[in-house]
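This briefing covers nonpolar surface, nonpolar cores and aromatic pairs, in that order.

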Amino acid sequence: MFKFKSMTSVKLADFISRLFMRPSNQCPALPFAMDQDHMTRLWWMSGLFLLSVLIILIPAYYFDPRLLNGDPIWAKPIKFSLSLAIHFFTLALLAQQLERKRRTGILLTLFGYAAVASMLLEQIYISIQAGRGRQSHFNLETAFESSMYGLMGVAAVLLVLVSLILGLMIWRQDKSKKSAQGLFLGSVIGLVAGSILTFLLAGYMSMGTSHLIGETVNDANGVPLLGWSRTAGDLRISHFIATHLMQILPLIGWFCDRYQLPPKRVVLISSFILISICAATFFIALSGKPLFS
């Protein structure tokens, strides 16, 4: 009986390994086919760690009735955990377009580990502040919280900088090593444009005292799940679109490759539309008007 269970476990582990990993000398036919190198494992396990944190955060969300500025106190840690998990899964998947030697080189290794350290700092501090009933962002009330807010800014820069570097590395790789055109274009534009727009929007937000324009009181009736304001201009909407260009555009590009659509035309038009929406939501927020009323 014990032997049967052991053999079953080994076969299951081998199946999972074959499903998500590929030999290093193959091209990524699917976006989830991943190599067995230290950077892929680092980013993949970071994403899984962030998802595992939800085992604690989600019950806390339902059993802890406290509110902070009108929102459930555990909403922010949950949203950050999900967003960062998606970010690291994206890095692990899109990096497969690079040769293993470049993917595990000193540049990507240095910024990759810096991004993981930044994630740990942000996720742990945001969760601790939620448990204390205190704000993590826009909080300068004490010397410690002011210092941590500054450190979180540095951490945010490192988290986004690694995606910008990855996008540039994919763009500059040897033409003979490029993946299918749609995935290539979507990855480059998504990572580079998404990173730059995130830098600009997050930097603008950090100079203020809130992500809201024209409304500083509690806004308990925000958009479900996302929490965006229904009564004031909310800069988080444009920030959300900018950040998730990193996933949307590569997915559109892969879809074009998979179903034989004109990848260059579709990816470029999609990029123009999404970046325009990002800019429009930013200026709507600056006017102090809610996008959803």
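Helix H2 (residues 38-63) contributes the most to the nonpolar patch, with three residues; helices are DSSP runs of H or I, at least four residues long, numbered from the N terminus. The model is predicted: local features need pLDDT of at least 70 and side-chain atom pairs pLDDT 80 or more, while totals for chains, interfaces and linings use all residues. Residues are numbered from 1 along each chain as its sequence is written, and side-chain values use heavy atoms, without hydrogens and water.

**Surface patch**
- Met45, Leu48, Leu51 and Leu82 make a nonpolar surface patch of about 330 Å²; such patches join nonpolar side chains (Val, Leu, Ile, Met, Phe, Trp, Tyr) within 5 Å, from residues with over 30% relative accessible area and no salt bridge (a Lys or Arg side-chain nitrogen within 4 Å of an Asp or Glu carboxyl oxygen).
- Areas come from the Shrake-Rupley method with a 1.4 Å probe, and for residues only the protein chains shown count as cover.
- Met45 lies in helix H2.

**Nonpolar core**
- The largest nonpolar core has 50 residues, of which Trp43, Phe88, Leu108, Met119, Leu166 and Ile170 touch the most other members.
- A core joins buried Ala, Val, Leu, Ile, Met, Phe, Trp, Tyr and Cys residues through side-chain atoms within 4.5 Å; buried means under 20% relative accessible area, exposed over 50%, and partly exposed in between.

**Aromatic pairs**
- The whole structure holds nine aromatic pairs, with ring centres of Phe, Tyr and Trp (its six-membered ring) within 6.5 Å; planes under 30 degrees apart count as stacked, over 60 as edge-to-face and the rest as tilted.
- Tyr61 and Tyr62 are edge-to-face, because their centres lie 5.2 Å apart with planes at 80°.

Methods. Patches are made of residues with over 30% relative accessible area and no salt bridge: like charges are joined within 9 Å, nonpolar side chains (Val, Leu, Ile, Met, Phe, Trp, Tyr) within 5 Å. Helices (H or I, at least four residues) and strands (E, at least two) are DSSP runs, numbered from the N terminus. Buried means under 20% relative accessible area, exposed over 50%, partly exposed in between (1.4 Å probe, protein chains only).
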